[in-house]
Amino acid sequence: MKNKAHSTKNFSKKLSNKIKAGFKITEYNTKLPYVVLTKEQKNINHNVHLVLFCLTIGIWSLVWIYVTLTHTPKKEILIAIDEDGNVFEEKCLLN
């Protein structure tokens, strides 16, 4: 079994890194301990891209295609400490 202080430090470090990456805490439990983090999906305003596409005579299509291909959906992850003191991360299933 790992040292509890070491596990808590790793848990805090992993949580801090995820928050810096844009995740927000949606659920937190200190007894188990675990945290559910969510990163919202960025919406693409296709109407603005269509107008820019027309104004630039199609050149804007390169930017529009790039934005559409790199679009990321909503993400939910769980970070927790298991019985052995190991910190782990899992993807949550979205409704």
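Residues are numbered from 1 along each chain as its sequence is written, and side-chain values use heavy atoms, with hydrogens and water left out. Because the model is predicted, local features need pLDDT of at least 70 and side-chain atom pairs count only at pLDDT 80 or more, while totals for chains, interfaces and linings use all residues.

The protein has three helices and four strands. These elements are DSSP runs numbered from the N terminus (helices: H or I, at least four residues; strands: E, at least two). Their order along the sequence is α-β-β-α-α-β-β. The C-alpha trace spans about 65 × 25 × 15 Å along its principal axes. The radius of gyration is 20 Å, whereas a compact globule of 95 residues would have a value near 12 Å. This radius is taken over C-alpha atoms, and the globule rule is 2.2 Å times the number of residues to the power 0.38. Of the 95 residues, 20% count as buried. Buried means under 20% relative accessible area, exposed over 50%, and partly exposed in between (1.4 Å probe, protein chains only). The protein exposes about 7500 Å², and carbon and sulfur atoms supply 59% of that area. Accessible areas come from the Shrake-Rupley method with a 1.4 Å probe; for residues, only the protein chains shown count as cover. Among contacts (heavy atoms within 4.5 Å) between residues at least 6 apart in sequence, 48% join residues at least 24 apart.

The largest nonpolar core has eight residues: Phe11, Leu15, Phe23, Val35, Leu37, Ile77, Ile79 and Ile81. Such a core is a set of buried Ala, Val, Leu, Ile, Met, Phe, Trp, Tyr and Cys residues joined through side-chain atoms within 4.5 Å. Helix 1 (4-20), strand 2 (34-39) and strand 3 (75-81) each give two or more residues to this core. Strand 3 gives the most, with three residues. In soluble globular proteins, nonpolar side chains tend to be buried together.

Not counting residues up to four places away in sequence, Val35 touches Phe11, Leu15, Ile25, Glu27, Tyr28, Ile77, Leu78 and Ile79. Ile77 lies in strand 3 and is buried, with a relative accessible area of 6%. With the sequence neighbours up to four places away again left out, the partners of Ile77 include Lys18, Phe23, Val35 and Glu89. Ile77 and Glu89 are twelve residues apart in sequence and 6.8 Å apart in space, C-alpha to C-alpha.

Glu89 pairs with Lys14, the closest N and O atoms being 3.8 Å apart. Glu89 lies in strand 4 (residues 87-91) and Lys14 in helix 1, so the pair ties together parts that are 75 residues apart in sequence. Lys18 and Glu89 meet in a salt bridge at 3.2 Å, N to O. This pair links helix 1 to strand 4 across 71 residues. Shared partners join Lys14, Lys18 and Glu89 into one network. Relative accessible area is 33% for Glu89, which is partly exposed, and 21% for Lys18, also partly exposed.

In helix 2 (residues 46-55) lies His49, which is buried at 12% relative accessible area.

Definitions and conventions
Salt bridge = Lys/Arg side-chain N within 4 Å of Asp/Glu carboxyl O.
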